[in-house]
Amino acid sequence: MKNIKIFFDTLAVSYNQPKFCSNVSWNQNATIFANSSTIGTTPYSIFINTDNTVYALNRIHNQIQIWLNDSINLTRTISGGFSNSWSLFVTTNGDIYVDNTNASGSVDKWALNSNSSVPVMYVSSACYSLFVDINDTLYCSMMVLHKIIAKSLNSVSNMTTIVAGTGCPGSISNMLYNPRGIFVNTNLDLYIADYTNNRIQLYQSGQLSGTTVTGVTSSTTTITLYQPTGIVLDADNYLFIVDRGYQRIVGEGPNGFRCIIGCSGSSLNQLNSPQAMAFDSTGNIFVIDSSTNQIVKFDLLTNFCDEVTTTEKTITVTMNNVTSASNIITSQSNNLIINSSKIVSYNQPKFCQNTSWEQNSTTFASNSTSPYSIFINTNNIVYVVDRINNRIQAWFNGSINPTTIISTNLSNPFAFFVTTTGDIYIDNGGSNGRVDKWALNSNISVPAMYISKACYGLFIDINDTLYCSMNSLHQVVTKSIHSVSNTLTLVAGTGCSGSASNMLYNPHGIFVDINLNLYVADYGNNRIQFYQSGQLSGITITGNGSSITLFQPTGIVLDADNYLFIVDSGNNRIIGEGPNECQRIGELFEETNGYVYINLQLASYINDILTFLFAFCCFFGTIKFVRLCRFNQRMNLFIHTLQYAGKELISFAMMFSIVFMSFICLFYLLFVSQLDECSSLLKTSQMLFEMSLMKFDAHELSGAAPFLGPFCFSLYIILVVFVCMSMFITIINDSFRRARENVNDKQEIFSYMLNKFQRWIGLKQTNEEERDALMRSEHFNPIERFPKKIDELIDAITRVRIIVLIIHAYCC
């Protein structure tokens with residue numbers, strides 16, 4: 001854990017941060033400062049400077065409305081050049097920064113008393129909030145793109161930096177979901193109203209992973225928020241939040257968070273859809289209410305401190321290790337260490353899994369003859385090589401008309417590369433046998449690499465090593481641009497065409513990542529080869545029998561996550577890679593020459609149906625074994641119990657389903673905005689099942705709704721767990737009693753056969769009782785059998801006497 005204490009210095013800020021005591025309160029009955037006749041409909045942004053000048057946007061009439069120095073009458077209106085703006089910010093010198101994405105895709109600056117604006121930041125999506133910190137860094141909250149970007153106002157570059165969010169929606173510590181209001185304190189810590197995640201995120205200066213200071217994912221119990229849209233800090237760094245979903249203003253103090261405005265249902269203090277707030281110098285609160293189309297003012301009532309001492313807020317956060325391709329931030333001995341990566345000149349956007357592009361293209365340029373190579377730098381300057389006219393053309397900062405920047409001493413160039421300094425390296429090897437360097441704003445070139453064949457691909461890595469893809473020589477060579485030697489180093493291919501792992505066949509486009517790994521579009525082998533840094537043997541990562549078929553690939557680029565995007569020239573398409581698989585799934589039919597793809601939807605559907613049928617067959621086939629055991633006493637009781645209980649169980653199931661569904665609707669509608677377990681009907685049903693098994697924490701319901709939570713929980717336990725479950729057990733018990741009364745002797749046949757079989761194979765021995773019964777059956781009384789034995793003896797003597805008489809008569 002790392003404790004960070006926030007100390008406030010004398011750095012001048014343009015906004016008000018009053019100092020409040022613990023007993024501060026505001027008049028709950030608001031006064032209307034401005035209505036729809038002045039600010040139009042659906043107002044969104046408000047700003048009040050330290051002179052108590054109020055600035056607000058009229059989005060319908062595209063105006064900035066200004067009330068100077070505590071004036072209650074509108075003083076000035078600024079209009080022209082912006083449309084449907086969402087946010088504004090005013091600096092200490094009176095300059096106004098306005099979101100103008102809808103009209104020009106930029107944030108514009110209106111200098112003090114100026115009649116026109118200039119763009120200061122180019123953005124691709126609307127800024128729902130703007131902020132300028134004490135270092136003159138402009139922040140833009142891009143709600144639709146789920147990220148916050150920043151740019152120094154003192155920089156001439158148009159490059160922006162992502163300071164929060166990844167560009168994809170999510171709820172983990174480094175992600176945002178529709179961020180709205182932002183605030184940057186004097187320590188350069190960034191606070192964000194994370195709208196859809198219902199929380200306030202704190203990003204300490206230089207960190208890309210945030211900490212939830214209040215809201216649903218906060219590590220400590222603070223206060224529940226619903227769709228927060230605005231945030232302001234006072235002089236002691238306590239938070240004041242526009243909690244739009246709950247139609248209130250939440251304030252923080254030494255005793256924690258509490259509702260300060262919109263806490264009851266009175267029509268005089270009820271907010272309908274608050275969007276933003278601001279303090280004046282005396283501590284009065286101004287709120288934009290977009291539903292009533294008003295700016296309302298809540299006057300400060302009490303602010304008396306019992307002690308003169310200052311309460312200083314201590315923020316305790318857990319320093320997380322954040323590792324990405326561009327930044328490494330670690331915590332060590334309570335010191336923040338930031339290792340920034342090498343800056344690259346090309347763009348590597350970060351894409352989500354569901355990224356898609358418009359399939360109908362627009363023509364950007366049509367006046368180039370036989371173009372082959374294109375380059376776009378981080379300032380969005382577009383460079384294109386015109387091979388027939390031997391020139392390089394550029395489109396600066398969104399211009400639709402090109403500027404020819406190089407047009408001499410070139411001969412049929414194929415490739416070029418632009419560095420971060422603006423230097424251009426151009427293939428000039430077809431006729432002149434070299435790669436030339438054109439320094440920024442220079443009229444002449446100097447040789448940078450001598451080659452014997454044309455370079456179909458050029459690239460400069462983060463170590464300033466120049467790579468050349470020599471198509472006709474089947475190899476990639478390199479040379480440091482700082483070296484005076486003309487010696488080239490072979491890094492891929494052998495100089496002979498082939499398909500082995502260390503060979504290439506007419507290589508075209510190349511790309512080198514920040515780890516110095518080389519990617520090669522192996523044109524003749526229809527594959528993409530990957531060469532790890534220092535290795536001369538490559539690995540096929542796609543094409544040539546791998547996950548997707550390529551045909552004559554010519555270009556390759558990587559995004560921020562090192563996923564591949566390939567120009568599949570022979571198939572006339574662009575291939576994109578993502579987290580799961582290539583976006584084009586399946587192989588081409590060989591006989592269609594690459595114009596028809598295999599449609600596996602029907603096969604997949606049939607496979608799913610067969611799998612379902614097989615599962616049910618296995619289930620019912622296994623259940624049939626019960627019939628073989630029906631003469632067993634216990635199995636016979638089980639089967640007869642189910643038979644007797646069948647009709648009653650069906651009736652009970654219908655009744656229980658109605659009761660259970662009613663509770664699902666009750667919990668879902670009451671707690672959908674307060675509990676993650678009730679965010680959907682499926683999750684709500686899962687929570688109720690866990691509640692039936694006594695595995696649910698009832699304290700979560702109490703925290704969400706102090707009265708309704710325990711009440712609904714108790715009602716569910718009584719009706720479902722006690723009443724319904726008791727009925728179910730009663731039905732089973734009654735059916736079991738009836739089955740046991742009607743048991744017959746047939747059930748012992750199976751047990752008798754089983755016992756005989758077990759004794760025969762030696763698995764079961766005769767017990768003591770059975771042996772006694774056998775002995776009793778074989779025991780006899782000698783006295784009782786004596787007469788029978790005498791009769792047997794007399795019969796034997798008689799038979800002997802008869803035999804003797806016969807023999808005597810024969811002899812005589």
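Trainee: How much of the chain is helix and how much is strand over residues 707–732?
Mentor: This is a predicted model. Over residues 707–732 the chain is 96% helix and 0% strand. The end C-alpha atoms of that span are 37 Å apart.

Trainee: Which residues does UniProt list for "transmembrane region"?
Mentor: The UniProt record, an unreviewed entry, lists residues 609–628, 649–671 and 707–732 under that name.

Trainee: What about residues 649–671, helix or strand?
Mentor: Residues 649–671 are 100% helix and 0% strand, with 32 Å between the end C-alpha atoms.

Trainee: Changing topic. Where does UniProt place "repeat: NHL"?
Mentor: At residues 176–206, 258–301 and 495–534, again from an unreviewed entry. The span 176–206 is 0% helix and 52% strand, and its end C-alpha atoms lie 17 Å apart. For residues 495–534 the figures are 0% helix and 40% strand, with the end C-alpha atoms 18 Å apart.

Trainee: Now the open sheet of four strands. What is the order?
Mentor: The order is E8-E9-E10-E11, and the pairing is antiparallel. Strand E8 (88–90) and strand E11 (117–122) each have a single partner strand, so one side of each has no neighbour in the sheet. On average, neighbouring strands of this sheet are turned by 25 degrees against each other, direction ignored.

Trainee: How many bridges join E10 and E11?
Mentor: Five, in the antiparallel sense; strand E10 covers residues 106–110.

Trainee: And which residue stands opposite Ser117 in E11?
Mentor: Trp110 stands opposite Ser117.

Methods. Residues numbered from 1 in each chain as written. Predicted model: local features only at pLDDT ≥ 70, side-chain atom pairs only at ≥ 80, totals over all residues. Heavy atoms only, no water. Pairing = 2+ DSSP bridges. Helix = DSSP H or I, 4+ residues; strand = E, 2+ residues; numbered from the N terminus. Axes fitted to C-alpha atoms, helices over the stretch in contact; angles between N-to-C directions. UniProt positions renumbered as here; feature names shortened; annotations may be inferred.
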